[in-house]
Amino acid sequence: MSARTLPLLFLNLGGEMLYILDQRLRAQSIPGEKARKDEWTDVDRKRVMNDIITTMFNKKFMEELFKPQELYSKKALRTVYDRLAHASIMRLNQASMDKLYDLMTMAFKYQVLLCPRPKDILLVTFNHLDTIKDFIHDSPGILNQVDETFRQLIDTYGDLSAGELQLIRQTLLVFFQDMHIRVSIFLKDKVQNSNGRFVLPISGPVPWGTEVPGLIRMFNRNGDEVKRTQFTTDGNYVTPQREGSFDLYGDRVLKLGTNMYSVSRPVETHVAGSSKNPASHAKESTVPNPLAKEELNFLARLLGGLDIKKPGGSETGFRLNLFTTDEEEEHAALTRPEELSYKVINIEAMQEPGRQAELSRILGELEVAEPRPESAGKGEDLLALMDAL
């Protein structure tokens, strides 16, 4: 497992989250002069996007994120996105948040699977950040935050070897391996089967720096080529014209990671039957985690930097529904798998020495729980303990 995977996972999932929220906010926006007080306007949409992006690229938050560390549990990471999605006046109920997270994870999983070579995961990340910069093109202060993260990515990953980048890709695939949630866009484009598994193409451009398959060369002991044999392939392969740019600005060439919701398409997920199959979600391991203290400390640091915008005065929080109707959202909430039932928790930033001492005391008393049934794994223990802080 690579200790440098977390920033790429967080930024790419965060980019997909912003794509979906922008699409849904645009779909539900009402012209300002016609909107009621409880309805979305384009001004509200821009405010939500700016608030979330500002929080996501907070300097201290990024410093913690880029420290070498192992990936943490799916529920722990999901909690960070719960907090991030509520960093503005927008409010999502649990069913819509579930749907949002499903779309985020399956989109990025597909992008990782399709990367021609491990290094191209960086181009996918740059595509996400390029589009995020388009969202806040008229906010220079926020643009500077995103550009600073760009530079951190280039400094951290630009000189890694092919082997280290392959280990990052493998770590990401291990994280996603049990997620097989069906997404309507992928089903319509026939890139996902009815069982939720992706269909990988056998044609198209080969990775940059490689040759189109179809030729076998044989060499003697002196390294001289002595024979060539050609063979036919089932795929229609082509050589890429140029490599994507890994600079702060440039043509990425690779289209993976761009906004697939920029055209008018419905954002919805479909699963077999009337409710989601709990087996379609990744199960949390019930084996005690020796890194429980580090994971709690990590979450306390990360979540401490994420401030939820609480509506002040007469301002009310705006509710966003990721389903077509309120009835669909209510039905999804009622049929929610039991292992996903946990609350969005609020953690205050630990700034005062007294609070730091209290956290240290709790961490010192933390014991790794004995294995319990799968629906009550490590994630619930951590969230319950964090809720008590």
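This passage describes the overall make-up of a predicted model and the packing of its helix H1 against helix H2. Residues are numbered from 1 along each chain as its sequence is written, and side-chain values use heavy atoms, with hydrogens and water left out. Local features require pLDDT of at least 70 and side-chain atom pairs pLDDT 80 or more, whereas totals for chains, interfaces and linings use all residues.

The protein comprises 13 helices and six strands, taken as DSSP runs numbered from the N terminus (helices: H or I, at least four residues; strands: E, at least two). Of its 389 residues, 48% are buried (under 20% relative accessible area, 1.4 Å probe, protein chains only). The accessible surface amounts to about 19,300 Å², 51% of which belongs to carbon and sulfur atoms (Shrake-Rupley method, 1.4 Å probe). Among contacts (heavy atoms within 4.5 Å) between residues at least 6 apart in sequence, 79% join residues at least 24 apart.

The axes of H1 and H2 (residues 42-56) come within 10 Å and cross at roughly 170 degrees, the axes being lines fitted to C-alpha atoms over the stretch in contact and the angles running from 0 to 180 degrees between N-to-C directions. H1 is therefore roughly antiparallel to H2 (over 145 degrees). Residues of H1 including Phe-10, Leu-18 and Arg-26 meet residues of H2, among them Arg-45, Ile-52 and Met-56.

Note on methods. Parallel < 35°, antiparallel > 145°, perpendicular 65-115°, else oblique. Buried < 20%, exposed > 50% of the residue type's maximum accessible area, 1.4 Å probe, protein only.
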